[in-house]
Every structure is written in C-alpha cells, then in structure tokens.
Amino acid sequence: MSSLRERRGQIGFVRKEILCKFEKKTHMKTIKLILPDPAIAYIKSVRKKEEIFAKEAVEEKIAREQRSNLKDLLKEGYQATSKEDLEISNDFQYADSQLS
C-alpha cells in the first residue's frame, strides 16, 4: 500500500491541513484534517474560521447519525410489534364502527 504522501502526489492537488479542537465538557482532543483546496476555498468563502467550520460540520454529522440510528430502532420496534398491533386493531374494528 502506498503512503499518504505518495497518494497525494498521484491525486494531483494540494491539500491543506487543519488542526481542530473538539470540546466535550472538560475533555478535548486535537485532530488533524487534510482537506482538498476546493473545500478550504469554500470554508474561506463563508468567512468562518476553519477550525470552527470543521467542528460544526462534525457535530452536525454526529447529530444526523444519531437521528438515523433512532429512526432505525423505531422502525425495528414497529415491525416487531406489527402483528400484535394488527390483532388489536382487528379486535376493535367492530367497536370503532359502532361509534360512528
């Protein structure tokens, strides 16, 4: 497997490295991101600090993933109880028609 430096040369564009600090209460960790020039240009065009933009992007991605996981769990739960729900609905179908 080729090294990152070799792959970078093959890709044909220069990347800029961004150091980001992610805070979670009192714990912080610094990570290094390597982004292509177009991404850096876009970040600069919206006039945000690169570190802040990257932090917000990661936080949004995490929130999206968590919502997706919750939806998957709900779907699984609904599918698991669907037979029972249908039986209950069938048990009360005549009661519902008498109310109308």
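Q: How many salt bridges does a search of the whole structure find?
A: Before counting, know that this is a predicted model, where local features need pLDDT of at least 70, side-chain atom pairs count only at pLDDT 80 or more, and totals for chains, interfaces and linings use all residues. Residues are numbered from 1 along each chain as its sequence is written, and side-chain values use heavy atoms, with hydrogens and water left out. A salt bridge here is a side-chain nitrogen of Lys or Arg within 4 Å of a carboxyl oxygen of Asp or Glu. Searching the whole structure that way turns up three.

Q: Which residue forms a salt bridge with lysine 48?
A: Side chains of opposite charge can pair when their charged atoms come close. For lysine 48, the closest N and O atoms of the pair are 2.5 Å apart. Lysine 48 is partly exposed at 36% relative accessibility (buried is under 20% relative accessible area, exposed over 50%, partly exposed in between, with a 1.4 Å probe and protein chains only). Its partner, partly exposed too with 28%, is glutamate 56.

Q: Which lysine forms a salt bridge with glutamate 65?
A: The closest N and O atoms of this pair are 3.1 Å apart. Both residues lie in helix α3, four residues apart, about one turn of the helix. Glutamate 65 is partly exposed at 39%, and its partner is lysine 61.

Q: Is leucine 74 buried, partly exposed or exposed?
A: You'll find leucine 74 in helix α3. Its relative accessible area is 40%, so it falls between the 20% and 50% limits. That makes leucine 74 partly exposed.

Q: What share of the protein's 100 residues counts as buried?
A: The test is the under 20% limit on relative accessible area. Applied to the 100 residues of the protein, the share that counts as buried is 7%.

Note on methods
Helices (H or I, at least four residues) and strands (E, at least two) are DSSP runs, numbered from the N terminus.
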